[in-house]
Amino acid sequence: MGRYERKTEGPSWSREAWNEAVEAVRSGRMSGYEAASTFAIPRKTIMDHVTGRRGQKSLSLGRPPVFKYERERK
């Protein structure tokens, strides 16, 4: 019996692009629609983070790791 392999790769955008999109909307430089088209991130995702509906995204999908991120990577 094989080990489980994740079928999803996670979001297609980088963490830096996501942070930049959220900050652009918070500062008023862009609307949610403009940020969504510029950074290729769903508008609802950006707005959820701007309004505080969602917390900071973790570095991994699923449950939180038992060990710290660096040790888990080893």
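**Entry 1: the elements.** I took helices (H or I, at least four residues) and strands (E, at least two) as DSSP runs, numbered from the N terminus. With that, I found four helices and zero strands in the protein chain. Reading from the N terminus, I noted the order α-α-α-α.

**Entry 2: ground rules.** I am working with a predicted model, where local features need pLDDT of at least 70 and side-chain atom pairs count only at pLDDT 80 or more, while totals for chains, interfaces and linings use all residues. I number residues from 1 along each chain as its sequence is written, and side-chain values use heavy atoms, with hydrogens and water left out.

**Entry 3: the chain overall.** I looked up burial (under 20% relative accessible area, 1.4 Å probe, protein chains only). Of the chain's 74 residues, 22% count as buried. Next came contacts, meaning heavy atoms within 4.5 Å. Among those between residues at least 6 apart in sequence, 44% join residues at least 24 apart.

**Entry 4: the record.** UniProt, in an unreviewed entry, gives residues 15-53 the annotation "domain: HTH psq-type". I kept in mind that such annotations may be inferred rather than shown by experiment. Over residues 15-53 I found 74% helix and 0% strand, with the end C-alpha atoms 18 Å apart.

**Entry 5: H1 and H2.** How do the axes of helix H1 and helix H2 cross? I used axes fitted to C-alpha atoms over the stretch in contact, with angles from 0 to 180 degrees between N-to-C directions. H1 (residues 15-27) and H2 (residues 32-39) have axes that come within 9 Å and cross at roughly 160°. H1 and H2 are therefore roughly antiparallel, a label for angles over 145 degrees. Their crossing is right-handed, that is, the near helix is turned clockwise from the far one by less than a right angle. From H1, Ala17, Glu20, Ala21 and Val25 make the contact, and from H2, Gly32, Ala35 and Phe39. I sorted these into five nonpolar, one polar and one charged; Ala, Val, Leu, Ile, Met, Phe, Trp, Tyr, Cys and Pro count as nonpolar, Asp, Glu, Lys and Arg as charged, and the others, Gly among them, as polar.

**Entry 6: H2 and H3.** I then turned to H3 (residues 43-50), which packs with H2 at an angle of about 125°, the axes being 9 Å apart. H2 passes H3 in a right-handed crossing. Gly32, Tyr33, Ala35 and Ala36 of H2 meet Arg43, Ile46 and Met47 of H3. By class, I wrote down five nonpolar, one polar and one charged for this contact.

Definitions and conventions. Parallel < 35°, antiparallel > 145°, perpendicular 65-115°, else oblique. Buried < 20%, exposed > 50% of the residue type's maximum accessible area, 1.4 Å probe, protein only.
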